[in-house]
Amino acid sequence: MTGGAIDDPAAFYTAGYSLADHEEGLRMGRWRALGARNKAAHARTLCARAGVSPRRVVEIGCGDGSLLLELAAIWDSAELDGFELSPPAIEIARGRGIPRAGRLEAYDGTRVPAQDGAYDLAVLSHVLEHVPDPAPLLAEAARVARHVLVEVPLEDNRSAARPAKRAEAERIGHLHAFSRGDVRALVTAAGLRIAGELSDPLPREHHAFFAEGAAARAKAAAKWAVRAAAWRIAPEGGEKFFTVHYAVLTEHR
Ligand SMILES: C[S@@+](CC[C@H](N)C(=O)[O-])C[C@H]1O[C@@H](n2cnc3c(N)ncnc32)[C@H](O)[C@@H]1O
């Protein structure tokens, strides 16, 4: 697990959701929507396996609400709140008409403005790798909810360690390159126990999203095929070589 810092996180993520280029803003919206479908499928699978049917859900670091929109579809009577560091992201989330959304609020990134045990499930999706010290934010999630679902990219691997990949991860604000063991240790230290976990080498559409031209698309398809095959043979072994998304459902011990 590496560590790092961003001088002003609120300004960094405000800029990230305020792209001046309209076309690029739309493209990033489509990218987030694609990712949200995978993340929601992970949440649905893990909760179903554990017999968890959350009625009150909070997403901490909900960004522009892409995932909340998908979660509203899979849990069709759940009430959903979202808290987020970036005010423009919350403005986008509010404009989405997310069914059964309650509080969609910007907050200070430290103290979630909700009472202890206010929720059945807190979701920290692709957030812990963005914060300098993940433990206090995880503890906040555990304070406000009975179950905590964490999802992160596992970037402690040979492919992600290449300088160009590290530079790209840092550009988008990744301060940590987690292994599965790092995440397990974090949740255990937060007083949580693992109720279920899964990893995903991600679908072809994900790998091909930024590919432009036939050659790049063919390369992305080949990369996806190799990773998917390696992952099927040895899911945890592959994590040493390439990035997968890892989702873990936890509950209080
Ligand atoms: C990669 S995005 C993930 C958005 C969403 N959770 C998803 O999975 O689609 C990371 C988000 O974490 C937010 N973030 C960073 N630090 C945070 C903090 N301390 N508390 C809450 N959100 C934070 C960023 O503003 C950004 O919206």
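Trainee: What should I keep in mind about the model and the numbering?

Mentor: It's a predicted model, where local features need pLDDT of at least 70 and side-chain atom pairs count only at pLDDT 80 or more, while totals for chains, interfaces and linings use all residues. Residues are numbered from 1 along each chain as its sequence is written, and side-chain values use heavy atoms, with hydrogens and water left out.

Trainee: Why is His-42 called buried?

Mentor: Buried means under 20% relative accessible area, exposed means over 50%, and partly exposed is in between, using a 1.4 Å probe and protein chains only. His-42 has 6%, so it counts as buried. His-42 belongs to helix H2, where helices are DSSP runs of H or I with at least four residues, strands are E runs with at least two, and numbering starts from the N terminus.

Trainee: What does His-42 touch, leaving aside neighbours within four places in sequence?

Mentor: Glu-151, Leu-198, Asp-200 and Ala-247 are in contact with His-42. Contact here means heavy atoms within 4.5 Å.

Trainee: How do you know whether Arg-100 is buried, exposed or partly exposed?

Mentor: Its relative accessible area is 31%, so Arg-100 is partly exposed. Arg-100 sits in the loop between helix H4 (87-94) and strand S3 (101-106).

Trainee: What makes the phi of Arg-100 worth a remark?

Mentor: Most residues other than glycine have a negative phi. Arg-100 is not a glycine, yet its phi is positive, about 60°. His-126 also has a positive phi, near 55°, without being a glycine. His-126 lies in the loop between S4 and H5, and with a relative accessible area of 14% it is buried.

Trainee: Why is helix H5 described as largely enclosed by the rest of the structure?

Mentor: Because eight of its eleven residues are buried. Those are Pro-134, Leu-137, Leu-138, Glu-140, Ala-141, Ala-142, Arg-143 and Val-144. The cover over them includes S1, S4, S5, H7, strand S6 (192-200) and S7.

Trainee: What makes something a nonpolar core, and which residues touch the most other members in the largest one?

Mentor: A nonpolar core is a set of buried Ala, Val, Leu, Ile, Met, Phe, Trp, Tyr and Cys residues joined through side-chain atoms within 4.5 Å. The largest one here has 31 residues, and Ile-60, Leu-124, Leu-138 and Val-150 touch the most other members. Two or more residues each come from strand S1 (56-60), strand S4 (119-125), helix H5 (134-144), strand S5 (145-154), helix H7 (180-189) and strand S7 (244-252). Apart from this core lies another, of 25 residues, including Leu-46, Cys-62, Leu-71 and Leu-249.

Trainee: How do you know that Leu-249 is buried?

Mentor: Its relative accessibility is 0%, so Leu-249 counts as buried.

Trainee: What is the make-up of their contact by class?

Mentor: Seven nonpolar, one polar and five charged residues make up the contact of H2 with H3. Nonpolar covers Ala, Val, Leu, Ile, Met, Phe, Trp, Tyr, Cys and Pro; charged covers Asp, Glu, Lys and Arg; the others, Gly among them, are polar.

Trainee: And Arg-227, why is that one called buried?

Mentor: Arg-227 comes in at 12% relative accessibility, so it counts as buried. Arg-227 is in helix H9 (residues 214-233) and, not counting residues up to four places away in sequence, touches Ser-159, Pro-201, His-207, Phe-242 and Thr-243.
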